[in-house]
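Visitor: I'd like a short tour of this model, please. Could you begin with the terms and then move on to the details?

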Amino acid sequence: MKTLLWLTVLSAFIVACNSNPKPAEQEQGRVMKGLYSYGPEIKSFTDCEKGNEYWVADSAKTLELAYSNFDFEKPYEPVYIEVECHVVKSDSLIVSADFDSTMVVTKVLKITKEIPDGPCN
């Protein structure tokens with residue numbers, strides 16, 4: 001009986017140690033809409049719906065390229081974007097203290113200079 005109890009406890013321990021919760025970077029993405037600004041020192045996004053501000057990491061490697069294709073005369077001009085992304089805690093060594101969360105863009109759905117009426121203007 002004692003051996004059976006120990007085997008049950010040991011099995012439960014092994015199963016618990018081997019379960020692998022998803023890291024934040026692997027969370028399922030969501031679509032966010034808002035204003036994106038890009039420049040030498042800051043890459044920021046303001047969510048139109050809630051007004052939250054995020055640092056932006058462009059894992060798709062297409063957002064910064066699409067922004068630069070607008071050929072703005074000066075940096076940090078806002079554009080409206082719709083992107084698939086997920087949000088993670090910011091790395092304080094890389095990101096400005098003003099941003100506690102980073103929006104990791106996985107796919108650009110829309111980018112335009114035309115900022116829609118509503119909470120984004």
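Guide: Gladly! Contact here means heavy atoms within 4.5 Å. This is a predicted model, where local features need pLDDT of at least 70, side-chain atom pairs count only at pLDDT 80 or more, and totals for chains, interfaces and linings use all residues. Residues are numbered from 1 along each chain as its sequence is written, and side-chain values use heavy atoms, with hydrogens and water left out.

Visitor: Is Ser37 buried or exposed?

Guide: Buried means under 20% relative accessible area, exposed over 50%, and partly exposed in between, using a 1.4 Å probe and protein chains only. Ser37 has 14% relative accessibility, so Ser37 counts as buried.

Visitor: Which backbone oxygen does the side chain of Ser59 reach?

Guide: Ser59 lies in the loop between β3 and α2 (63–68), and is partly exposed at a relative accessible area of 44%. Leaving aside neighbours within four places in sequence, Ser59 is in contact with Val104, Val105 and Thr106. At 2.5 Å, the side chain of Ser59 reaches the backbone oxygen of Val105.

Visitor: In which sense do strands β3 and β5 pair?

Guide: Two strands pair if DSSP finds at least two bridges between them. Trp55 stands opposite Thr102 in β5. Over 4 bridges, strand β3 (residues 53–58) and strand β5 (residues 101–112) pair in a sense that is parallel.

Visitor: How many bridges join strand β4 to β5?

Guide: Here Glu82 stands opposite Lys110 in β5. Strand β4 (residues 79–89) and β5 run antiparallel, and the number of bridges joining them is 10.

Visitor: Which strand gives the largest share of the lining of the largest pocket?

Guide: On a 1 Å grid over the protein atoms alone, a pocket is an open set of points where a 1.4 Å probe fits, with protein on both sides within 12 Å along at least five of seven lines; lining residues have an atom within 4 Å of a point. The lining includes Arg30, Asp47 and Tyr80. The largest share, 4 residues, comes from strand β1 (residues 30–38).

Key:
Helix = DSSP H or I, 4+ residues; strand = E, 2+ residues; numbered from the N terminus. Polar contact = N/O pair within 3.5 Å; in protein donor to acceptor, adjacent residues only side chain to side chain.
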